[in-house]
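Student: I'm new to this one. Could you walk me through it with some questions and answers?

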Amino acid sequence: MQGIRYYDLRQVRGYGTRIDIDNGAVEEAGTSFFDDTVIRALGPKGWGVVTMDSFVPDAPTSIENAIAEAAPLTAVTHEDILLAGVPGPVRAVPALREDPAVIHLDEKIDLLHGIERAARVPEVGNTRATYLERKETVRFMDSSGIDISYDVTRCGFSVMAVAVRQGRMQMGRESRHTISGFNLRHQEGMGEKAGRTAVALLDAVPARGKRMNVVLDQELGGVFAHEAVGHASEGDLIKEGNSVLRGKIGETIGNRDLTIIDDPTLPEFGFEPLDAEGMAVHRTEVIQGGKVHAYLHNRETAPVVGNGEPGNARAMAGSIPQVRMSNTFIENGDIAFEELLEVCGTGILLKGSRGGQVDPGRGVFLFNAEYGYLIENGECTTMVRDVSLSGEILSTLHDIELIGNDRLMYEGFCGKGGQSVPVSDGAPHLLLRHAVVGGSGTD
Amino acid sequence: MELIEAILEEGIRRCDEVEVFGTNGTSLSLTLKGGILHSAELSRSWGVGIRTIEKGKIGFSSTSDPGRWRECLKAACESGTAATHQEWKGLPGPVEYPLRAPTHDPSLFPNLDPAQLLADALLEGAGEHPVTITGGSVDLSRGTIILANSRGVRYTAPRTLASISLEAIHGTSTGYEFDASVFMELDARAVGEQAAFLASHCDGGYDISTGDYDLVLSPIAVAQLLGHAVVPALSGRNVHAGRSRLSGELGKQCLDEGLSLYDDPFARGTGATDWDGEGVLARRIPFVNDGVLERFAYDLKTASRYGTESTASAVRSGYGGAPAIGVHNLVVDGERTGVFDDKALFVHDIVGAHTANPLTGDFSVELSNAYWIEGGIPGTPVRKAMYAGNIFEAFRSIGGLGKESRVVGSAILPPVRLNKQRIIGK
């Protein structure tokens, strides 16, 4: 272990079950197994990392051998790295209301069938439902002698419907994922909602791209917090100079009632009992009263960048930890949705998320709604489709005029650096003045 | 191979047919953070995906643990029991095939020295412009894929891949460039220089008014739009399920007559292969010829179900993924012209392509590294604007294909000129 100042090991073992029902046919219903280990060894300057399948940490000299393989890799790395904090403790994983592992595959298929069937409302020509279940047993060890293990089970489903009329085709989609246990029971309503959205979109008009007043629903508001603020507050991007929020601590960048939080301790889909570097997880107020208050950090970025604590390192099984969000949301304000519409007057209500993306260095983000409604005289009127919203981080947060009082959280997966991790985002309804809305509709 | 034989032997006792897809390999990755080499990662992987077929019911499971193969085989059989019965014409038997696909470079090894040379060249290239480097990567990998089945197929193919990327920033203007190849032939200096050029050149951009403009989309932008809307529409499964806009369009003009779209598994791209993910011999698939839709893509499962032949379009996302319909090297081709001769807004990249409507092709995305270009000379950058339209409509009437193609993911394609496109600006 010559020259190695520290090492850690993260092993993720478990199984994943996937069921795919397409137009009533069970296309796939199976379970696969994984066992991935990442061993990081910190040399004089930089990390040497070895990644392996089916590693046995308790076998004699296995860790020593892996580190002996990782150590020479640090010959080419040159970064001065300081690690803040010490690992642990681990939080208790919330108990599962119903453990999906003990439910027979046939019952899961039957329940998913029910959700998929419910999506087949008149004019729907295709339905598809997918169930995902994944149990991970995570073991974290490091050179200080820490050895922590925990289990976490995530599961959920998505249902999609395609409606067709006279050559026109539109899609509705709903999904729910959780860490709280099996969630396929009594969800037929989600299937029906996906079907009805698809049919309704057949009559929707394309949105007309221009600046206008926008009301975001709770799901899109969450994506807004995630894309516009969350990524740009990640300590690795700050450290590398790839975020417009660098050097902005204490600066007002948005509405003074705006507070944005990342909290991996919440029992939501982005929950982590311990971060991927073994650090305790905690709540971070990224934006407090419209001012940049703190960044999200791992052990490396915290001492270099400051303004925050480690605890946001996350990693896909078999991958190197990165600074990531967990459960990210905009805190409630005190305005009722109806009042928000009334103040909006004329504009557009955007609902549901088809995803988003941000260039944090440039400070530009974009996200796409599943559908929306024109707002005229404070009331929702014509349905619109294929509408997106883009903005600049440092100006758009000022455009938030009113913050609703009805926050909800939604689950999803967030990609960064080739890794996808489970997250949740949420917000109350929000009113934005003069936001840039994109759509292909014309006058 | 001994383990795979054991799986096949045990599997055939339980089911009509068994197939094993195995991967093993080693990769070396260097990560640059802020222009400094931050970490070096050596990764070794091994895994098998087992597919079982019993009376038209198909099961699948995978594992990365050689010691758990019996459990994996059992899970595959159970998975098949739960699946819906379908028409099934059987796995392919073994055939002799010529080695045509460029899948590996005998001189490419996941070693520190060549990786470091590539990293140095990336940084050297970026030094041509006044930028700050924010990140980058070098990956070298070498491995083998194995496809074996109970009909006697025992195919193996060596695989190598080199990939590089660099990110830079100047003010609040970012630049990102990348390249990948089966061969150790990457021009890392040029990639670094281009990333830095984009960041440097696009700083201090100007606003643009909302309106219709002539665009030239880079191969990167084209690949993103095609990948999210057009490629799914070519899948036979989506066509028969009623999820493809191209359903019912066979034999009809669906794209510009100057545009052809085909899968060439023997081209020098990163998806090159002699056989697909189910052991069917790969072949060139002419999806769209001079704008006319000619073929859809099928794997064995979808072909059996709908009474047609597989087009050898099964692809695997590693050992852990069941075979699914995809493309190997999607080539966009046609007559080449000087797309940069007349003035146009060049769009190097787009933000949010994955939010395009995969059914209809409607999209509205943000431009990234967009600047005016005329006579091939880069001009004034545009600060911020959105681009909205429909990918199928946009490609019904193109303004021309550029002369140089490049590899972007599993596509090989040139820049494309599209006239009168809707831009939402100030």
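What follows is a chat about sheets, salt bridges, surface charge and backbone angles.

Tutor: This is a predicted model, where local features need pLDDT of at least 70, side-chain atom pairs count only at pLDDT 80 or more, and totals for chains, interfaces and linings use all residues. Residues are numbered from 1 along each chain as its sequence is written, chains are lettered from A and ligands numbered from 1 in the order in which they are written, and side-chain values use heavy atoms, with hydrogens and water left out.

Student: Let's start with the six-strand open sheet of chain A: which strands stand at its edges?

Tutor: The order is β11-β10-β9-β14-β21-β20 in chain A, with mixed pairing. Strands here are DSSP runs (E, at least two residues), helices are H or I runs of at least four, and both are numbered from the N terminus; two strands pair if DSSP finds at least two bridges between them. Each edge strand has a single partner, so one side of each is left without a neighbour in the sheet, and these strands are β11 (291-292) and β20 (408-416) of chain A.

Student: In which sense do β14 and β21 of chain A pair, parallel or antiparallel?

Tutor: Strand β14 covers residues 327-330 and β21 covers residues 419-427 of chain A. Thr328(A) has Asp425(A) as its bridge partner in β21(A). Over three bridges, the sense is parallel.

Student: And how many bridges join β20(A) to β21(A)?

Tutor: These two strands form a hairpin with two residues between them, and Gly417(A) takes a positive phi near 55 degrees there. Gly415(A) has Ser420(A) as its bridge partner in β21(A). The strands run antiparallel, and the number of bridges is nine.

Student: Over in chain B, which are the edge strands of the six-strand open sheet?

Tutor: That sheet runs β10-β9-β8-β13-β20-β19 in chain B, and its pairing is mixed. Inside it, β8 (residues 260-263) and β13 (residues 330-333) of chain B run antiparallel with four bridges, and Leu261(B) has Val332(B) as its bridge partner in β13(B). The strands that pair on one side only are β10 (292-293) and β19 (406-408) of chain B.

Student: On to charges: how many salt bridges does a search of the whole structure find?

Tutor: Side chains of opposite charge can pair when their charged atoms come close. A salt bridge is counted when a side-chain nitrogen of Lys or Arg is within 4 Å of a carboxyl oxygen of Asp or Glu. Over all chains, the total is 60.

Student: Take Asp58(A): which residue does it form a salt bridge with?

Tutor: Asp58(A) is exposed, because its relative accessible area is 56%. The cut-offs are buried under 20% relative accessible area, exposed over 50% and partly exposed in between (1.4 Å probe, protein chains only). The closest N and O atoms are 2.9 Å apart, and the partner is Arg139(A).

Student: Is that Arg139(A) buried or exposed?

Tutor: Arg139(A) sits in strand β4 (residues 124-142) of chain A, whereas Asp58(A) is in the loop between β3 (47-53) and α1 (62-70), 81 residues apart. With a relative accessibility of 15%, Arg139(A) counts as buried.

Student: What about Arg314(A) and Glu272(A): how many residues apart are they?

Tutor: They form a salt bridge with the closest N and O atoms 2.8 Å apart, and both are buried. Arg314(A) belongs to strand β12 (residues 313-314), and Glu272(A) to the loop between β9 (260-262) and β10 (284-288) of chain A.

Student: Which residues gather in a patch of negative charge on the surface?

Tutor: Patches take residues with over 30% relative accessible area and no salt bridge, joining like charges within 9 Å and nonpolar side chains (Val, Leu, Ile, Met, Phe, Trp, Tyr) within 5 Å. Areas come from the Shrake-Rupley method with a 1.4 Å probe, only the protein chains shown counting as cover for residues. Lys and Arg count as positive and Asp and Glu as negative, leaving out His and the chain ends, and a charge is placed at NZ of Lys, CZ of Arg, CG of Asp or CD of Glu. The patch holds Asp257(A), Asp334(A), Glu339(A) and Glu342(A).

Student: Last one: which peptide bond is cis, with omega near -5 degrees?

Tutor: Most residues other than glycine have a negative phi, and most peptide bonds are trans. The proline here, Pro89(A), lies in the loop between α1 and α2 (105-118) of chain A. The cis bond runs from Gly88(A) to Pro89(A).
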